[in-house]
Amino acid sequence: MKAYIISKYSKNEKLQLVDVPKPDIGENQILVEIRATGINQLDNKLKYGEFKLLLPYKFPLILGHDFSGVVTKIGSKVHRFKVGDEVFARPADFHIGTFAEYIAVNENDVALKPQNLSMEEAASVPLVALTVWQAFVGQAKLEKGQKVFIQAGSGGVGIIAIQLAKYMGATVATTASASSFDLVKSLGADVVIDYKTQDFETILKDYDLVLNSQDERTLNKSLRILKPGGKVVSISGPPDTTFAKELNLSWFMKIIISVLSRKVRKQAKLRNVDYSFLFMQANGKQLSKIGKLIETDIIKPVVDKVFPFEEINEAMSYVASGHAKGKVVVKVR
């Protein structure tokens, strides 16, 4: 089969198109013919080597964390899927590889594709939607009537986050460029701040939750808009000690992470707010619940651009530019 690989960490080298064997499947896995794959900032960060201490992958490595496709083979103990099913998923860490024509994936990571989505639309959903679900439903336990600030509302995560927060009954504030105001308002944003000309810290006050996806400066400002007892869930770091324990990292890595997050944890404690880091996990059951919200038009994916498989390097560059409004998808076949 055809697949795009990297042979080392690099910012400048392009993904290489090669022929590799079609993957074998285990008893709990399914083989999926990939129809489309989503491109995420995580793919670029892995390519650059930003997670090499936390996620020590072996080379050559096939990148890719989102896919939609058709089941072509099932393992002997698979019960949830059959050959011919249309599915979508975010494979578990160390089992990624959606920049390819086929992937073997554990059935627990997979969900049936929403019937009202194309393959390209479905491939845009899993990673960002699971991230938001685990932030709002899992860690923050967002409640009706609360106020949530979602940074970068026109990005892949932001688009899903606005819709899920509104569905859960929250008041939503977000940042965007003026050209994206209509988009984020159509998704349900109540307060929209132009990040180029306005400072959200001077506008927002007494918020219950911040979904942080930006840099350290933005994170520090976000702590100051929270009410006492409020929460920040960060998907862009720094990782915290709870994350280190969950991943069962070495004592050395636990010390490094403790040092990296010491400043923000201290600031959060002084303000009587909670800081936590989220590194989302693959979860087919959660993705099935998200799929039902999509089929009832409660959540609608937004695809910025679809690239052909031959232009996957251009798609990676476009995502890295930060200019996409919604998700970027590659049509594999």
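The questions and answers below go through a predicted model and set its computed values against the rules behind the words used.

Q: What makes V259 count as buried, exposed or partly exposed?
A: Partly exposed is the word for values between the buried limit of 20% and the exposed limit of 50%, and V259, at 45% relative accessibility, therefore counts as partly exposed. V259 is placed in helix α9, residues 251–270, and its C-alpha atom is separated by 9.8 Å from that of P238, a residue 21 residues apart from V259 along the chain. In the same helix α9, M253, I257, S261, V264 and A268 are buried.

Q: How do you know what span helix α9 should have, and what do its end C-alpha atoms show?
A: The expected span is 1.5 Å times one less than the number of residues, so the 20 residues of α9 should span 28 Å, and the distance of 27 Å between its end C-alpha atoms agrees with this. Helix α9 also has a kink of about 50 degrees, centred on R262.

Q: What does the span rule say about helix α3, residues 126–140?
A: With 15 residues at 1.5 Å a residue, α3 should span 21 Å, and because its end C-alpha atoms are 20 Å apart, the two values agree. There is a kink here as well, of about 30 degrees and centred on Q134. Just after α3, K141 takes a positive phi of about 50 degrees.

Q: What makes α3 a mostly covered helix?
A: Of its 15 residues, 12 are buried, and buried means a relative accessible area under 20%. Among the buried residues of α3 are P126, L127, W133, Q134 and A140.

Q: Why do β2 and β4 stand at the edges of their sheet?
A: The sheet is open and has 3 strands in the order β2-β1-β4, with antiparallel pairing. Strands β2 (16–19) and β4 (61–62) each have a single partner strand, so one side of each is left without a neighbour in the sheet.

Q: How do you know that β1 and β2 are paired?
A: Two strands pair if there are at least two bridges between them, and 4 bridges join β1, residues 2–6, to β2, the two running antiparallel. Within this pairing, A3 stands opposite V18 in β2.

Q: How many cavities are counted, and what volume has the largest cavity?
A: The count comes to 2 cavities of 30 Å³ or more, and about 60 Å³ of space lies in the largest cavity. Its lining residues include I5, I6, S7, K8 and E13, and the lining as a whole divides into 2 nonpolar, 3 polar and 4 charged residues.

Q: What makes up the lining of the second largest cavity?
A: This lining divides into 6 nonpolar, 2 polar and 1 charged residues, with V125, V128, G156, I159 and K327 among them. Helix α4, residues 156–167, gives the most to the lining, with 3 residues. The volume of this second largest cavity is about 40 Å³.

How values were computed
Residues are numbered from 1 along each chain as its sequence is written. This is a predicted model: local features need pLDDT of at least 70, side-chain atom pairs count only at pLDDT 80 or more; totals for chains, interfaces and linings use all residues. Side-chain values use heavy atoms; hydrogens and water are left out. On a 1 Å grid over the protein atoms alone, a cavity is a set of points where a 1.4 Å probe fits but cannot get out, and a pocket is an open set with protein on both sides within 12 Å along at least five of seven lines; lining residues have an atom within 4 Å of a point. Grid points are joined across faces, edges and corners, and a volume is the space filled by probe spheres set on the points. Ala, Val, Leu, Ile, Met, Phe, Trp, Tyr, Cys and Pro count as nonpolar, Asp, Glu, Lys and Arg as charged, and the others, Gly among them, as polar. The bend at a residue is the angle between axes fitted to the seven residues ending there and the seven starting there. Buried means under 20% relative accessible area, exposed over 50%, partly exposed in between (1.4 Å probe, protein chains only).
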